Amino acid sequence: MKKIYSRTKTIQEDKISGFCPGCMHSTVIKLIGEVLEEMNIVDRAAAVLGIGCCGLHMDYIAYDNTTAPHGRACAVATGMKRSSPNTIVFTYQGDGDFASIGLGESMSAANRGENITVIFINNGIYGMTGGQMAPTTLLGMNASTAPNGRNAKEHGYPMHMCEILNQLTAPAYLVRTSCNTPANVSKTKAAIKKAFQNQLDGKGFSMVEIITNCPTNWGMDALQSLDFIENNMLKEFPLGIIRDR
């Protein structure tokens, strides 16, 4: 009988997920583990986790990890990679962590072309801290700090991090994917694998932006959130490779 699936050993078997029903963090964490196993680099990997729901990552994984002060994951990852060049160092950050509180650290690491990998979870809202508006919140989208919806005159426009980083010279790989369909899950896994391979090859800064959901703070059930991704999020954040060199 041909094996079509097996659980990645990078996820601890005795742990029950604490993520909300339908949340895609679980999917992305599983994909990262599968890629690390397939590339045989689990023992060389070290994750730098952002604050918030991204930080829950530490409860489920069986490889090295640390947590950075809010927004400082790219700075911590820079220090880790420079002091241990053979380690596969990647950050796992949300939109508030990477694109707001840590924007300076994120931009600077990308501008220097640090040989690290960023896994950037974009669900358009602050998750764990109460559903506040994030830099990536869509126009008209409700948040606890924008109860009447994001207004461009008051709050500005959604930030497109792949396109912003594409203005810099140094980054090697910038791609936007999603996990809203089986096909997109496969593309996300391939993007993560390429980003890690770029680090092995010494190509410099790679970022995989993943459009995900937050059913709880979006005020939707899981299926409704998938429709919202397809009909709203992906219109603002189109999928595809922004840079690959």
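Which residue in β3 is the bridge partner of Ala-45? I found Ile-88 there. This is a predicted model, in which local features need pLDDT of at least 70 and side-chain atom pairs count only at pLDDT 80 or more, while totals for chains, interfaces and linings use all residues. Residues are numbered from 1 along each chain as its sequence is written, and side-chain values use heavy atoms, with hydrogens and water left out.

**Entry: β1 and its neighbours**

Helices (H or I, at least four residues) and strands (E, at least two) are DSSP runs, numbered from the N terminus. Five bridges join β1 to β3, and the two run parallel. On pairing, I note that two strands pair if DSSP finds at least two bridges between them. β1 also runs parallel to β2 (residues 64-67), with four bridges; there Ala-47 has Asn-65 as its bridge partner.

Next I checked whether β1 is covered. Five of its five residues are buried (under 20% relative accessible area; exposed is over 50%, partly exposed in between, with a 1.4 Å probe and protein chains only). Ala-45, Ala-47 and Leu-49 sit on one side, Ala-46 and Val-48 on the other.

I looked at Phe-90 by itself: its contacts (heavy atoms within 4.5 Å) include Ile-32, Leu-36, Tyr-63, Ile-119 and Phe-196, not counting residues up to four places away in sequence.

**Entry: Asn-213**

Last stop: Asn-213, in the loop between β6 and α8 (215-218). Is Asn-213 buried or exposed? Asn-213 counts as buried because its relative accessibility is 1%. Its side chain reaches the backbone oxygen of Gly-22 at 3.0 Å, and a polar atom of that side chain lies 3.3 Å from the backbone nitrogen of Met-24. Beyond four places in sequence, Asn-213 also touches residues including Asn-123, Trp-218 and Ile-229. I noted too that its C-alpha is 9.2 Å from that of Ile-121, 92 residues apart along the chain.

Technical notes:
A polar contact is a pair of N or O atoms within 3.5 Å; within protein, one must be able to donate a hydrogen and the other to accept it, and residues adjacent in sequence count only if both atoms are side-chain atoms.
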